[in-house]
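Q: Could you go through this structure with me, giving for each label the criterion on which it rests?

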Amino acid sequence: MGLFDKLKNTAPQGAPSNPAAGAKSETFVFARLPESLAEMQSLPEASLDTPFKTAALTVCALCAYAADRQIGAEMLNWLRGPRPMNGQDISFLNDRFRDGKTYLPFTYFAGATPDNSYTPSEPFTLTVNANHVSAAEAGYMKLFIPCGGADDPRPIKLRMRGSDGKWFLWEQYLLAGVKTPKADDPWA
């Protein structure tokens, strides 16, 4: 008997044969990015009736934060619903954008690569993915957004408010480091 044969023999019966079961993608296209909370709230995605819409708007809010912290904070607080950002959340965001890394949230839009300093194509297009583990925790959805500066999609976690079924930002891991833009890379 081989080393892994025992694992095969003890694998649970009835497990899904398709590892991508539950996979789903939604693509969002923005002619322009919202520049105020009112503009964000006027978008069709502002219904927040799916976690995918909230995830897409979170990327837009992070882009706004990179340009203007006050406006971005208003958007993010709205997307967080009854749980606004605290001092630690704001400090984290400020740290991520330090040293001119305002390009970080733009890496999620189509066409943004290290070669073009993460300048996205227009209209601004991004895809949000779910997989077989996305709905593992009741009332929460963990989604993944492909990034032009990373090999793997980055996670974002949303929480549903039971009273109205709206989805709000719970956690985001979208501002992790990415490949250095070619224009800033002394080794390029």
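A: We can begin with a serine: the side chain of S134 reaches the backbone nitrogen of N131 at 2.8 Å. The model is a predicted one, in which local features need pLDDT of at least 70 and side-chain atom pairs count only at pLDDT 80 or more, while totals for chains, interfaces and linings use all residues. Residues are numbered from 1 along each chain as its sequence is written, and side-chain values use heavy atoms, with hydrogens and water left out.

Q: What makes the approach of S134 to the backbone nitrogen of N131 a polar contact?
A: A polar contact is a pair of N or O atoms within 3.5 Å, where within protein one atom must be able to donate a hydrogen and the other to accept it, and where residues adjacent in sequence count only if both atoms are side-chain atoms. The distance from the side chain of S134 to the backbone nitrogen of N131 is 2.8 Å, so it falls within the 3.5 Å limit. A polar atom of the S134 side chain also lies 2.6 Å from the backbone oxygen of K142.

Q: Why is S134 called buried?
A: Buried means under 20% relative accessible area, exposed means over 50%, and partly exposed is in between, with a 1.4 Å probe and protein chains only. S134 has 4% relative accessibility, and therefore counts as buried. S134 is found in the loop between β2 and β3, where helices (H or I, at least four residues) and strands (E, at least two) are DSSP runs numbered from the N terminus.

Q: Which residues does S134 touch, not counting residues up to four places away in sequence?
A: S134 touches Y140, M141, K142, L143 and F144, a contact being heavy atoms within 4.5 Å.

Q: Why is R32 called partly exposed?
A: The relative accessible area of R32 is 47%, which lies between the 20% and 50% limits, so R32 is partly exposed. R32 is found in the loop between β1 (24-30) and α2 (37-41), and its side chain is joined to that of E39 by a polar contact of 3.0 Å. Leaving out residues up to four places away in sequence, R32 touches E39 and F124.

Q: Which residues have the most contacts inside the largest nonpolar core?
A: They are F30, L143 and I145, in a core of 49 residues. A nonpolar core is a set of buried Ala, Val, Leu, Ile, Met, Phe, Trp, Tyr and Cys residues joined through side-chain atoms within 4.5 Å. Among the elements that give two or more residues to this core are α3 (51-67), β2 (124-130) and β3 (140-145), and α3 gives the most, with 12 residues.

Q: Why is F109 called buried, and which residues is it in contact with beyond its neighbours within four places in sequence?
A: F109 has a relative accessible area of 2%, and so it is buried. F109 lies in the loop between α5 and β2, and it is in contact with F30, L33, V59, C63, P120, F124, T125 and L126. The C-alpha atoms of F109 and G148, which are 39 residues apart along the chain, are separated by 7.6 Å.

Q: What makes a region of this model a pocket, and what is the volume of the largest pocket?
A: On a 1 Å grid over the protein atoms alone, a pocket is an open set of points with protein on both sides within 12 Å along at least five of seven lines, where a 1.4 Å probe fits, and lining residues have an atom within 4 Å of a point. The largest pocket has a volume of about 240 Å³, the volume being the space filled by probe spheres set on the points, which are joined across faces, edges and corners. Of the 13 residues that line the largest pocket, the closest to its centre are R80, D89, F92, E171 and Q172, and β5 gives the most to the lining, with four residues.
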